[in-house]
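Please read this report with the sequence and the three-dimensional view side by side, moving from single residues to the whole chain.

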Amino acid sequence: MEKATIEQFKNLFLEILSEEEVFEGKLSPTSLEGDEVDIVSTEKANQMDFRLKARNAIYLQKVRKSLQKIEEGTFGECEDCGAEISYNRLMARPTADLCIYCKEVEEKEENQLVNKNRHSSKIGRVLPIEHLEKGYNKDETSTSSFHVSHMDYQDIVS
Ligand SMILES: [Zn+2]
């Protein structure tokens with residue numbers, strides 16, 4: 001990556017960090033005085049403030065990490081395969097750690113995990129014959145949805 005390009009990202013990161021300092025100054029609670037309603041709303045505001053900061057903190061950590069990479073000369077390199085992350089990708093997501101290919105692999109693996117979980121919970125929910133037999137016996141005495149479960153039962157045993 002060209003030095004000028006790296007410089008461009010460095011400035012962007014520094015800008016984000018300095019803006020954040022101003023931002024934090026704005027959000028800091030200034031006063032807890034006032035009547036009860038004021039105190040409650042101030043507490044609520046502080047909670048939101050806290051959540052916002054927590055979310056921001058993760059992002060800022062990434063920004064600082066990227067700045068550190070610039071210092072080390074590894075900025076723009078994929079952490080997995082070492083390939084250069086494309087300029088377009090960095091423009092869209094300056095704190096990207098992985099090249100687009102490795103990112104896709106990572107996301108596929110995450111999706112597979114999710115699918116696995118879905119699959120096993122489905123099995124857990126459908127208890128085939130035993131479940132239907134219970135329904136069948138119960139519906140023999142009380143008639144409610146007897147017909148449907150009876151037919152399901154036949155489908156499975158035949
Ligand atoms: Zn990669």
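Y101 has its place in helix α4, where helices (H or I, at least four residues) and strands (E, at least two) are DSSP runs numbered from the N terminus. This is a predicted model, in which local features need pLDDT of at least 70 and side-chain atom pairs count only at pLDDT 80 or more, while totals for chains, interfaces and linings use all residues. Residues are numbered from 1 along each chain as its sequence is written.

Is Y101 buried or exposed? Y101 counts as exposed because it has 12 C-beta neighbours inside 10 Å; by definition, a residue is buried if 20 or more other C-beta atoms lie within 10 Å of its own, exposed if 12 or fewer, and partly exposed in between, with C-beta atoms placed from the backbone. Between the C-alpha atoms of Y101 and C81, which are 20 residues apart along the chain, the separation is 9.4 Å.

Q61 belongs to helix α2 (residues 36–72), and it counts as exposed because 11 C-beta neighbours lie inside 10 Å. D97, in turn, is found in the loop between α3 and α4 (100–125), and because it has 17 C-beta neighbours inside 10 Å, D97 counts as partly exposed. From C-alpha to C-alpha, D97 and S66 are 8.5 Å apart in space, and they are 31 residues apart in sequence.

## The chain and its core

The protein chain has 6 helices and 0 strands, and buried residues make up 6% of its 158 residues. Which residues form the largest nonpolar core? It has 7 residues, namely F9, F13, V63, F75, I85, L90 and C99, where a nonpolar core is a set of buried Ala, Val, Leu, Ile, Met, Phe, Trp, Tyr and Cys residues joined through C-beta atoms within 7 Å.

Leaving aside neighbours within four places in sequence, I85 is in contact (C-beta atoms, placed from the backbone, within 7 Å) with G76, E77, C78, L90, A96 and C99.

The predictor's confidence in each residue is given as pLDDT, from 0 to 100, and its mean over the protein chain is 77, with 64% of the residues reaching 70 or more. Among the elements, helix α3 (residues 87–92) has the highest mean pLDDT (95), and helix α6 (residues 146–157) the lowest (50).

Over residues 142–147 pLDDT stays under 50, and the model has 3 contacts beyond four places in sequence for them. Where pLDDT is low, the predicted coordinates should not be read in detail.

Conventions: Contact = placed C-beta atoms within 7 Å.
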